[in-house]
Amino acid sequence: MFAQLQPVATDPILGLMAAYKEDPNPNKVDLGVGVYKDEQGHTAVLKCVKEAEALRLKQEDSKTYIGMAGDLGFNAHIEKLAFGASHKVLLANRVTTAHTPGGTGALRVAAEFIKKANPNATIWVTNPTWANHISLFQAAGLKVKEYSYYDYSTKGLNEEAMFAELATVPAGDVVLVHACCHNPSGMDLTFAQWQRFTDLAKARGFTPLVDMAYQGFGEGLDEDARGLRYLAEQVEEMILCSSCSKNFGLYRERIGAVSVVAADSKIADVAKVNLLSVVRSIYSMPPAHGAIIVANILNSQELTALWHQELAEMRNRINSYRQLIIDKLAAEGVTQDFSFITRQHGMFSFLGINKAQIDRLRSEFSIYMVGSSRVSIAGLNHSNIDYFAKAVATVLKD
């Protein structure tokens, strides 16, 4: 049986990570992997996580299963974090949540849930979108289509094309939208565009699927959730997938959540049973560790305050480097306009350089980025940004 298997292409980002590790150049720069790094190029454990983890180890007295929905305390906290504590969908008991193995697990559960609710549904994703979105949805048996989103020529949102295409989405289909810090472009919807998206969802009858992997990395916890909160106020149904990998730094703990918003509490109860049946068929029950760490942080005013401080430090560092990139390139004599970088949010940006230039940055300077020119801003620091700017200036001038 196994002899019939065919080789599968390596994920571009995973391949990039492997090539970077093998590169002996001491000046090499990794701008490919979507992981936050500090000024020392290290992905450190947050102080609030260390304290919450110590509390968990002290208090834990059993390793029994936690149930298909996962940690209920975590679920309640993640709903309030996303929607806001007093949001009407929470007060009306219209939301059901399951904690999942990472944001990827949340998306796969959502995909299977959609398939269960409407086997004929097509899911529409932004062009471009996170590379794993399409394969996740297709693996669940869903049809996938793209809608216009990023305009490579203007380095901004392709607004009119986007809304013209969304106006053709039939009722019963699902439209994925990034809550904030769009991956890979960094270009987010304005609030006015969220309102326009919401109006279309109501008029056309499609179901929004919001992917929120970076809450707090753009402008702030509440600011980054403003669009999805408005959307949830207006529509009868939607799905939210969230992740704690970035904003809590819990990458390897694989902790996320999928939340289903239904028209009323009775439908939400039915949705819960179906959601949990999907969970049962995939992984049965989620791991507890990461969820309880997050719950311990959000249960404590002191640890929550510390988390807010550490999250703000990460966000501010990334945002400051957006302007620094522009300044450093200008100092190297680059006349090309890179001001669009400061209009983007989160860890990622498209530099807008071509494949030949990307290949040259890698082969001559050991600077690694995805072939689309997506860079992870967090991979830059004061020890490598001058080297990066000089290398980019060289390939742009030649």
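1. Start with S373, which sits in the loop between strand 12 (367-368) and strand 13 (374-376). Keep in mind as you look that this is a predicted model. The phi of S373 is positive, about 80 degrees, even though this residue is not a glycine. That deserves a second look, because most residues other than glycine have a negative phi. Is S373 buried or exposed? S373 has 1% relative accessibility, so it counts as buried; the cut-off for that word is under 20%.

2. Now go to S284, in the loop between helix 11 (265-282) and helix 12 (289-299). Here phi is near 70 degrees, again a positive value in a residue other than glycine. S284 counts as buried because its relative accessibility is 18%.

3. Next, the prolines. Which kind of peptide bond runs from N127 to P128? That bond is cis, with omega near 10 degrees. You'll find P128 in the loop between strand 3 (122-127) and helix 6 (131-139).

4. N183 and P184 are also joined by a cis peptide bond, this one with omega at about 25 degrees. P184 lies in the loop between strand 7 (174-178) and helix 8 (191-204).

5. Let's turn to a helix residue. H77 belongs to helix 3, which covers residues 72-83. With 18% relative accessibility, H77 counts as buried. What does the side chain of H77 make a polar contact with? Its partner is the side chain of N299, at 2.7 Å. If you skip the neighbours within four places in sequence, H77 is in contact with A295, L298 and N299.

6. Zoom out to the whole protein. You can count 15 helices and 13 strands. A compact globule of 398 residues would have a radius of gyration near 21 Å, and the protein's value of 21 Å agrees with that. Its C-alpha atoms fill a box of roughly 65 × 55 × 55 Å along the principal axes.

7. How much of the protein is buried? Of its 398 residues, 55% count as buried. Take the contacts between residues at least 6 apart in sequence: 74% of them join residues at least 24 apart.

8. Last, the surface and the charges. The accessible surface is about 17700 Å², and carbon and sulfur atoms account for 52% of that. There are 39 positive and 42 negative side chains, with the centres of the two sets 3 Å apart.

Methods. Residues are numbered from 1 along each chain as its sequence is written. Side-chain values use heavy atoms; hydrogens and water are left out. Helices (H or I, at least four residues) and strands (E, at least two) are DSSP runs, numbered from the N terminus. Buried means under 20% relative accessible area, exposed over 50%, partly exposed in between (1.4 Å probe, protein chains only). A polar contact is a pair of N or O atoms within 3.5 Å; within protein, one must be able to donate a hydrogen and the other to accept it, and residues adjacent in sequence count only if both atoms are side-chain atoms. Contact means heavy atoms within 4.5 Å. The radius of gyration is taken over C-alpha atoms; the globule rule is 2.2 Å times the number of residues to the power 0.38. Accessible areas come from the Shrake-Rupley method with a 1.4 Å probe; for residues, only the protein chains shown count as cover. Lys and Arg count as positive and Asp and Glu as negative; His and the chain ends are not counted. The place of a charge is taken as NZ of Lys, CZ of Arg, CG of Asp or CD of Glu.
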